[in-house]
Amino acid sequence: MRVATWNVNSVKAHIEVVTRWLGEAKPDVVCLQEIKCEEQNFPAAVFEELHYSAAVFGQKTYNGVAILSKQPLQDVSAGIPGYGDEQKRVLAATLDGVRLV
């Protein structure tokens, strides 16, 4: 499994760079940080066209994280259990027995 991570510093502002890179690098999973958009504004359809599904824990202006995967993600959880942080910085999911955080 090829896993990549990227502090994208606004997924919407850099969507062309992100999609071009996905087409070239072809990772199985990508963990994105600082997506800087809420879930309803995340460009999921763009990634679906590239055969990636997305789990998103978004936040406007700052922070926000997403996991893109070519295979279905399982046991997706957002935030740190028992920790009341308002910043949306942690998203976890399982893929083929591997826990991605």
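Leaving aside its neighbours within four places in sequence, which residues is Asn63 in contact with?

1. Asn63 is in contact with Glu34, Ile35, Lys36, Gln87, Lys88 and Arg89, once its neighbours within four places in sequence are left aside, where contact means heavy atoms within 4.5 Å. This is a predicted model, in which local features need pLDDT of at least 70 and side-chain atom pairs count only at pLDDT 80 or more, whereas totals for chains, interfaces and linings use all residues. Residues are numbered from 1 along each chain as its sequence is written, and side-chain values use heavy atoms, with hydrogens and water left out.

2. The place of Asn63 is in the loop between β3 (53-57) and β4 (65-69), and its relative accessibility of 13% is why Asn63 counts as buried (buried means under 20% relative accessible area, exposed over 50% and partly exposed in between, with a 1.4 Å probe and protein chains only). The side chain of Asn63 is joined to that of Gln87 by a polar contact of 2.3 Å; a polar contact is a pair of N or O atoms within 3.5 Å, of which, within protein, one must be able to donate a hydrogen and the other to accept it, and residues adjacent in sequence count only if both atoms are side-chain atoms.

3. Ser10, in the loop between β1 (3-7) and α1 (15-25), counts as buried because its relative accessibility is 15%. Its side chain reaches the backbone nitrogen of Ala13 at 3.3 Å.

4. The C-alpha atoms fill a box of roughly 40 × 35 × 20 Å along the principal axes.

5. Of the 101 residues of the chain, 36% count as buried. Among the contacts in the chain with a separation of 6 or more, 58% are accounted for by residues 24 or more positions apart.

How values were computed: Helices (H or I, at least four residues) and strands (E, at least two) are DSSP runs, numbered from the N terminus.
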